[in-house]
Amino acid sequence: MPDIPKTAKAVVFDECNGPIRVDNEHKVVQPSELKAGEVLVKLEYTGVCHTDLHAWKGDWPVPPKCPLVGGHEGAGRIVAMGDGTDTQLKIGSPVGLKWLADSCLNCEACLGGQEATCANAKLSGYTVDGSFQQYAVSYAKHVTPIPEGLAMEIAAPILCAGVTVWKAIKQSNTKPGDFVVISGAGGGLGHLAVQYATAIGLRVVGIDTGDDKRKLLASYGADDFIDFKQHTGKGKLIEEVKRVCGGEGPHAAIITSAGGAAYNEALEYLRPHGTLVAVGLPPNTTINADVFFTVFKALRIVGSYVGNRQDAIEALDFAARQKVKPMLEIQNLDKLPEVYERMEKGGIAGRIVLKC
Ligand SMILES: [Zn+2]
Ligand SMILES: [Zn+2]
């Protein structure tokens with residue numbers, strides 16, 4: 001049994017928008033205090049997701065618990081388990097903490113593999129303490145096994161960003177050879193979506209702006225890049241998307257961008273029977289779907305919210321096989337407040353991962 005310290009580092013806030021403090025003497029839950037089904041994970045790395053910033057700011061209709069240790073892209077190893085925990089995981093097993101920390105596994109949503117919408121779901125870094133700490137309690141049934149050999153800092157951002165976009169692609173109703181447009185393709189979610197989509201043989205058209213993003217997406221094997229700043233006239237972007245997608249538009253559009261316009265544009269450029277997958281969460285945004293054309297073109301509009309346990313296993317497997325590699329900047333856990341400042345300004349390329 002590894003030595004478990006009584007206290008360790010955690011980043012905590014006591015109220016939404018209040019000071020964020022680095023607590024070097026945060027109490028570590030001791031093995032004797034763990035309940036059946038709980039595991040204690042010694043975290044090595046944690047990604048920082050936009051949701052963490054929203055949690056701290058209290059942006060959502062239901063605020064998080066306070067005080068809170070945020071974070072839901074944690075990667076580390078199990079160092080203790082509650083007595084009577086029924087699991088194949090062992091002390092030392094590498095595991096990930098994702099947004100969905102726990103669910104009942106018995107309701108209609110859970111039995112159907114939709115545990116994210118379980119009414120009794122526990123959410124890492126929102127309703128329970130998350131991964132911005134060195135030792136976190138999580139749940140044996142829901143932690144994701146990390147393939148041996150996959151670096152922890154690469155696994156971390158897959159656990160939310162990777163899972164989210166992989167699930168969105170699975171919901172896009174496409175098959176190899178189909179055209180898929182990824183809007184916001186150079187961003188934290190988008191650059192991963194492009195890699196998953198190319199890995200399964202989709203023809204990927206990325207929408208974003210700037211030559212750096214054009215080059216980045218080409219290096220991932222994207223088939224086309226549309227710089228939205230070069231197609232600004234009325235209807236111009238829609239024309240261009242249709243043109244590069246065989247004249248008829250794409251079979252699916254996955255919207256990861258943080259702006260609202262992309263949703264309504266997609267409804268115009270999708271080909272008949274096309275699917276719009278909503279992933280990005282621009283604030284106060286409405287999708288304006290014209291009923292006539294939604295019916296006439298037989299369009300589908302799908303909301304995609306994280307993924308289930310199997311989606312998480314699959315998403316990590318792509319990374320373990322080096323088909324998907326997040327673009328990373330590694331910082332120390334203490335730097336979280338500065339990371340939030342940069343996020344608010346929108347100046348982050350790829351994903352920030354903190355060393356715990
Ligand atoms: Zn997230
Ligand atoms: Zn349930």
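**Notebook: cores and cysteines**

I started at I254, which touches A168, I169, S172, V180, V181, I182, S183, V277 and V279, leaving out residues up to four places away in sequence; contact here means heavy atoms within 4.5 Å.

A note on what I am reading: this is a predicted model, where local features need pLDDT of at least 70, side-chain atom pairs count only at pLDDT 80 or more, and totals for chains, interfaces and linings use all residues. Residues are numbered from 1 along each chain as its sequence is written, and side-chain values use heavy atoms, without hydrogens and water.

Buried means under 20% relative accessible area, exposed over 50%, and partly exposed in between (1.4 Å probe, protein chains only). This core has 42 residues, and I158, V180, I182, V194, Y196, V204 and I254 touch the most other members. Its largest share, 12 residues, comes from α3. Domain 1 (7-161 + 307-355) and domain 2 (172-303) both contribute, so the core lies between them; the bounds come from an automatic or database domain assignment.

I then found a second, separate core of 21 residues, with F179, V181, I226 and L276 among them.

Last, the cysteines. I counted zero disulfides, taking a disulfide as a pair of cysteine sulfur atoms within 2.5 Å. For C66, the nearest cysteine sulfur is that of C16, 4.4 Å away. C66 is partly exposed at 38% relative accessible area, whereas C110 is buried at 6%.

Definitions and conventions: Chains lettered and ligands numbered in written order. Core = buried A, V, L, I, M, F, W, Y, C linked by side-chain atoms within 4.5 Å. Helix = DSSP H or I, 4+ residues; strand = E, 2+ residues; numbered from the N terminus.
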